[in-house]
Amino acid sequence: MKYLTEFRNGEIAQRIAREIHSVATRPWKIMEVCGGQTHSIIKNGIDQMLPAGIEMIHGPGCPVCVTPLELIDKALAIAAQPGLIFCSFGDMLRVPGTDADLFQIKGAGGDVRVVYSPLDAVDLAAKNPGKQVVFFGVGFETTAPANAMSVHVAKRRGLKNFSLLVSHVLVPPAIAAILESPGNKVQAFLLAGHVNSVMGYWEYPPVAEKYKIPLVVTGFEPLDLLDGIRRAVMQLEAGTHEVENAYERIVTFDGNQHAQKMLAEVFEVTDRAWRGIGVIPRSGWRLSEAYREFDAEDRFHITGIHTQESALCRAGDVLRGAIKPAECAAFGKECTPRHPLGATMVSSEGACAAYYNYGRFLSAEQLATAGSALTHA
Amino acid sequence: MLEIAHREANELAPNSNSKDAPDFSNWTCPLPLVGYPTIVMGHGGGGKLGNELVEHLFLPAFRNAALENLGDAAVLSLPSGKLAMSTDSFVVQPLFFPGGSIGELAVNGTVNDLAVSGAIPKYLSASFILEEGFPLAQLAAIVEAMAAAAATAGVQIVTGDTKVVERGHGDGCYINTAGVGAMREGIEVGPRRAKPGDAILVSGTIGDHGMAIMSVREGLEFESQIRSDCAALNGMIAAVLDAAGGDVHVMRDPTRGGLSSTLNEIAQASGVGIAIDEARLPVRTEVQSACELLGLDPVYVANEGKAVFFVAPLAAERVLQTLRAHPLGQNAAVIGHVTSEHKGILVARTQMGANRVIAPQIGEQLPRIC
């Protein structure tokens, strides 16, 4: 098993899709939490395989998209400082702040570097004792262990020139916020499997019970997603509300205990602003008292930030699942991956970018014609 | 003196502790350079040091009559008819990578641009921009790689130039090559000539070069090493044109931006739709794995030894067999066709049997957060 092709088998996919067609008797609205799942659904055309009444609503699980504008502006201000190395994951670089993005800061002389692991940034700090090294630590529970590890290692190595600009967000409070928002349409969730690989799913039975809603831990490959959707539809049809695990090869109930222990030590729960959504109480992590000295926000007192979002951008509605990307008037016109108005058009996990890059600016008929042209080739 | 050169070379070599790092320890200068083990400003100054580089390094490696005149311009004999001319600059990092170096790239890149235009590549120029402190042993290895690549491709490097920039103002070594070739008679290819019904072929696995470079940069190791596909394609292209000349409508080498950029450009230039089948795209398992790890899509990843052909439908099988009979085309495949539907847009049938658009890429592909 190489886990590359096994979960992309077209014939098995068609079989699961037929099963979904046979059990679905009513329309249902299911939200996939994670942006990675959104991209896989749109890239592989999973939504095209579902019965017409089964609607996939795209969730807020794109870390780049929900990072508050104010924090992005702070990142830009810190990155522009001379004698400082600013490290980030790649897809933060093009996210628009109020006036610029990190690419522009880099072009203007800022030392902005893409790293694959926060530990690379710690190594940079050790190699450059005369410079401050800041890592932009954003993300959900998935990326949190590596970010926690970076400050843990920096503390152990006594590095005074490393800090973390941190904006971690958590899935369970986001699900609760969506379910409690007025006009909520979501009837079941596909949970973000990689979040659960770290956290397990012990946090979720009370959520399922409180809101009477099916929750299915789901992976990212086409067959994973179809299986997650199948289980969600079966629960909806049967009127049950269990937490199910459709990603057993990766996720256990308890999750990664070592990682959770480290997270509990390094972080503490805090209120967080979500870009486009607003403040959700107790929905994020910040560095705990023991690690506060590594907090870049404390170390670099950036003041005078005046944020301004694009008046046209409806990223918040997209992130809440209230509208589909193509329903935004700016989609594909004023707002494209080349000139993004909001983060959802930038990130490789953003729903707007998924719709644009995989061609949902074409009508269904046009895509269908493209398909028949292929079939006749 | 040479011992110093060797030590410096190893210290400055990218990834010098990696098993992939080129080994300069046994390198000996064919005619020892008397002055310095590294490039100094004087090497670009037009004086004695610069002359030494020419006489001891460039001339012995590239030796040919036009170059040996050492005039301000090379004087060349060319057949009558049309000429093709192309130029490209090379700034790759690392300079040495599994499957090649900036030297092979600089020769093959320009050779391939000429070949896919329907020309027979003949002569190249080579200009070097070197950074002060760049080890001569590395420069020599690059020059030798260029000489070997030129010999393989059957072209001559007939003129050149060297400039030196201060330390910190360059990235070791930049190379520009320009080339001229003689257009083949009776061949009319170009990005605007794709026609509905044309079959689309790719000469082998996609994404090898880009992922070879990225694996070295990111220190990724796989069971089998990913090697760049860097190669001169003029021989393989000549075989295709000999077999099906008039039926070949478009030829391109999908370098930066990968297959996606090339196909999107052709769809727009020709005003046609392009439909490809993802299941038919040749991709090495290790390249696919590396792409999955980094969150990249192989259709956007660079190639340096692959060509794409748009051919009349009846010629598709002939071209496929010709490609597969050539050492550089063994993994060739028919990947799709041209349609009059969805003009200007590249659509892929996914392995799930659904359809998606493959949009042109904006700037670089960025690795994802998670």
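Figure 1. Where pLDDT is low, the predicted coordinates should not be read in detail. For chain B as a whole, the mean pLDDT is 88, and 88% of its residues reach 70 or more. The predictor assigns the complex an ipTM of 0.74 and a pTM of 0.82. Residues are numbered from 1 along each chain as its sequence is written, and chains are lettered from A and ligands numbered from 1 in the order in which they are written. In this predicted model, local features need pLDDT of at least 70 and side-chain atom pairs count only at pLDDT 80 or more, whereas totals for chains, interfaces and linings use all residues.

**Figure 2. Secondary structure and burial in chain B.** Chain B contains 10 helices and 13 strands; helices (H or I, at least four residues) and strands (E, at least two) are DSSP runs, numbered from the N terminus. Of its 370 residues, 53% count as buried, that is, with 20 or more other C-beta atoms within 10 Å of their own, these atoms being placed from the backbone. Among contacts in chain B between residues at least 6 apart in sequence, 84% join residues at least 24 apart.

**Figure 3. The two domains of chain A where they touch.** An automatic or database domain assignment divides chain A into domain 1 (23–309) and domain 2 (315–367). Contacts link 25 residues of domain 1 of chain A with 18 residues of domain 2 of chain A. On the domain 1 side, helix 2 (35–44), strand 2 (54–61) and helix 3 (63–66) of chain A each supply at least two residues. Helix 2 of chain A gives the most to that side, with 6 residues. The residues of the domain 1 side comprise 13 nonpolar (Ala, Val, Leu, Ile, Met, Phe, Trp, Tyr, Cys and Pro), 8 polar (the others, Gly among them) and 4 charged (Asp, Glu, Lys and Arg). Taken over C-alpha atoms, the centres of the two domains of chain A are separated by 20 Å.

**Figure 4. The fold of chain A.** Chain A has 16 helices and 11 strands. Its C-alpha trace spans about 65 × 45 × 45 Å along its principal axes. Of the 377 residues of chain A, 53% count as buried.

How values were computed
Contact = placed C-beta atoms within 7 Å. Buried ≥ 20, exposed ≤ 12 C-beta atoms within 10 Å, placed from the backbone. pLDDT = per-residue confidence, 0-100.
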